[in-house]
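Please look through the structure shown here.

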Amino acid sequence: MEVAGRGILFPLREAGEIFAMAPLVPVPHTHRWFMGVANLRGHLHGVVDLAGFLGIKMAEASPTQAQQLVGFNQSLDLNCVLMVDRLAGLRGEEQLTREADDGQPRPTFAGARYRDAAGRVWQELSLAALAGDEIFLRIVG
């Protein structure tokens, strides 16, 4: 995925369905990164602006049709989707080189960093850990 110009990797076993951008119904008194709820295939899902949640959003903007919504795997039991800027395709371990840990503190859902053959850095995010993160689950601002 691409989020605010950065490469983000989700473990395939933790990701769910990918949806086109859908109409959103705002929810009052929530954090700015909680965009609202959307009806996706007849079920209400919370919509989280991943760039906003991660604190890497470049500018305030309204959601666009080019953005995609990535769901959590059903096994994680979370009716939530993450708004990302662009799908960047699948990456396999053979295409990436793991970067050395820089020793900086990171949230529990931030996994390893990788570099591809073109030199682009990709940050792995664990959706399972994110689904259990207290800050992520506390949408009221």
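Rings of Phe, Tyr and Trp, the last by its six-membered ring, count as a pair if their centres lie within 6.5 Å. By that criterion the structure, which is a predicted model, holds five aromatic pairs.

One of these is formed by Trp33 and Phe53, with 4.9 Å from centre to centre and 80 degrees between the planes. Planes over 60 degrees apart count as edge-to-face, so the pair of Trp33 and Phe53 is edge-to-face. The two residues are 20 positions apart and link distant parts of the chain. Trp33 sits in the loop between strand 3 (15-20) and strand 4 (34-40), while Phe53 belongs to helix 1 (residues 50-54). Trp33 and Phe53 are both buried.

Phe53 also pairs with Phe109. Here the ring centres are 5.8 Å apart and the planes meet at 40 degrees, so the pair is tilted. Like Phe53, Phe109 is buried.

Which residues do the ring pairs link into a cluster? They are Trp33, Phe53, Phe72, Phe109 and Phe136.

Two members of that cluster, Phe72 and Phe136, are among the residues that Cys80 touches. Cys80 is located in strand 7 (residues 80-84). Is Cys80 buried or exposed? Its relative accessible area is 7%, and because buried means under 20%, Cys80 counts as buried. Between Cys80 and Glu99, which are 19 residues apart along the chain, the C-alpha separation is 30 Å.

Ala20 lies in strand 3. Its relative accessibility is 51%, and because the cut-off for exposed is over 50%, Ala20 counts as exposed. Leaving aside neighbours within four places in sequence, Ala20 is in contact with Gln68 and Leu69. The C-alpha atoms of Ala20 and Val3 are 16 Å apart, with the two residues 17 places apart along the chain.

A last item concerns a charge and a ring. Arg120 lies over the face of Trp122, at 4.7 Å from the ring centre.

Methods
Residues are numbered from 1 along each chain as its sequence is written. This is a predicted model: local features need pLDDT of at least 70, side-chain atom pairs count only at pLDDT 80 or more; totals for chains, interfaces and linings use all residues. Side-chain values use heavy atoms; hydrogens and water are left out. Helices (H or I, at least four residues) and strands (E, at least two) are DSSP runs, numbered from the N terminus. Buried means under 20% relative accessible area, exposed over 50%, partly exposed in between (1.4 Å probe, protein chains only). Contact means heavy atoms within 4.5 Å. Rings of Phe, Tyr and Trp (its six-membered ring) pair if their centres lie within 6.5 Å; planes under 30 degrees apart count as stacked, over 60 as edge-to-face and the rest as tilted. A charge sits over a ring if NZ of Lys or CZ of Arg is within 6 Å of the ring centre and within 35 degrees of the ring normal.
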